[in-house]
Amino acid sequence: MEPILVAKNLSKKYGKVVALESANLELYPGEVLGVIGDNGAGKSTLIKVLCGAVTPDSGEILLDGKTVTFTSPIEARTLGIETVYQNLALSPALSITDNMFLGREIRQKGFMGKFLKFLDKKAMEDEARKRLSELGLLTIQNINQLVETLSGGQRQGVAVARATSFGTKVVIMDEPTAALGVKESRRVLELIGEVRARGIPIILISHNMPHVFEVADRIHVHRLGTRLCVIDPKKYEMSDAVAFMTGAKEAPKS
Amino acid sequence: MNKISDDISKDLKDQPNFSSDIGEVDQDHHTFDIGEQSNLKKIQHFLHGNPTIVPVIILVLSVIGFGFLAGGKFFSAFNLSLIVQQVTIVGILAAAQTLIILTAGIDLSVAAMMVLASVFMGKLSVEMGMPTLPAIVVGLVSGVATGAFNGLLVTRLKLPPFIVTLGTWNIFFALVIFFTGSQSIRSSDIEIQAPLLHFWGERINLGGFVFTYGAFLMIGIFIFLWFLLNKTAWGRHVYAIGDDKEAAELSGIRTDRMLVSIYAVAGLVVAIGAWVSIGRVGSVSPTSFYEGNLDSITAVVIGGTSLFGGRGTIIGSLFGALIVGVFSSGLSIAGLDVLWQRFALGCLIIIAVGIDQWIRKVSN
């Protein structure tokens, strides 16, 4: 099977600090790829490069086998790489529907939409409701509820629903459970399963080993600015992963 | 009990609409601190969802209050129509100001911008012989240009809007003095040379209530902006930027470009206000509306729009302007000194912002 997203020899320096050194990454269709690494290993730089927030000094990114370049998260998103940021990038004072369609609103057909630029609220609400129920999030009676009235897990749900709604090829999730309680985290992990079930591959960055081991199909271990190894969570223990990450143990050759 | 289950049970209580597929939670230990607060909390939630209610209540109460205080004179058709006429200009400036404040900005230059536009209209048509309509167009364009100039300074130089508009307020005011040489353009000259400039000052009598065309235009501007803010993507983006600029940027909104367009639209509204102001005042005076900036901010704030952006309604600002009008009219009919009008207005501002802060706490 061909990988859907490939990063080849990515390098990035900040002054004399090497954040990425010939880093590689492959993401295959339908999988959840966990990305772990110690603080300062360069994993956030890797992710920022993949989602368009940082431009690498050298190296290339291939999406569906084609080389792509982007200079902003918006360009990456247009190509189908959606990111769920740690802070979620939602507007709390706007409704669920407004947030899901922010920057991609649906206009009314005909004169009202074309010349008066009126929004088709009904179409957006229906679509938002559909997306949320597909992810098993619905039972929200009021799709026009303000996001600030939602709990952390529910907000995460809205952000994920938004990220998977627009012809998305890849979803990057940055520490999705970091700010959540136990039960809410559980819900988000289930959510990751739902997204995978719909055939959208996910890159999951997390510090939480149990979470990564629970949902990831493969785990990419990042160390000293590059990929150290990729391990199968069924064949290794969490303690092994931590040992590889910190250099306490020799990494397996793959 | 542990903190997590506490948080979740609180969340579940707050949102009966949102199903709890998170799992069942032991709620018993949590019930005691809800009972007493619930009514106040309910009010807080209600106001949070309906920010225009507060100014409406204040407006109704103040009308009733001044009715008692000032007697029948206050309710006379003459007085009520006078209030509407008096708030026309501040109302239009407040409409423009609302757009800026919704983006978490502030515009101290609106009144100077308006006087500058009215100077262009008057100077070109009355003293330089340009036909009136093109002169008005030049004035409107100057409004868009000065607004966009503010927007560019805010986005390109990344300066706080307060500082940018504090600067441009002085610049625009200086330009007004430069172009006019501190001379007013007299009402009688305008009447002869360019009567069209007085158009919005024309009156019609509806069963004893006298309205200027300008008052209708003001209401038209509010309705138009309401549609713009609530029915178009542009309007939603205004709120998104004020709410969380970074989130808006990550959602794909080109925030800098949006901000420039918001300041430009506000400039256009201000320039329309310039035309109306010539009709209202009669002449074009370089020193008029010197307090227009602060009056417009007062109206917006009393109208329930948050100075921190992203929250508020355009219609609230109309009510805010009317409240200011009712207060000054009521207090002066009741025979109170002007100083007490200002005193009352000051209290009103502080109360309005206090209520806003309290309502905002709901989200935490």
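**View 1. Second largest cavity.** Strand E6(A) supplies the largest share of the lining of the second largest cavity, four residues; strands (E, at least two residues) and helices (H or I, at least four) are DSSP runs numbered from the N terminus. This is a predicted model, in which local features need pLDDT of at least 70, side-chain atom pairs count only at pLDDT 80 or more, and totals for chains, interfaces and linings use all residues. Residues are numbered from 1 along each chain as its sequence is written, chains are lettered from A and ligands numbered from 1 in the order written, and side-chain values use heavy atoms, without hydrogens and water. Among the 15 lining residues, Arg77(A), Glu82(A), Thr83(A), Tyr85(A) and Leu250(B) lie nearest the centre. On a 1 Å grid over the protein atoms alone, a cavity is a set of points where a 1.4 Å probe fits but cannot get out, a pocket is an open set with protein on both sides within 12 Å along at least five of seven lines, and lining residues have an atom within 4 Å of a point.

**View 2. Largest cavity.** Of 17 lining residues, Pro51(B), Val54(B), Gly304(B), Asp356(B) and Ile359(B) are the closest to the centre of the largest cavity. H16(B) gives the most to this lining, with four residues.

**View 3. Second largest pocket.** The lining of the second largest pocket has 23 residues, with Gln86(B), Asp295(B), Val324(B), Gly325(B) and Ser328(B) nearest its centre. H15(B) contributes eight residues, the largest share.
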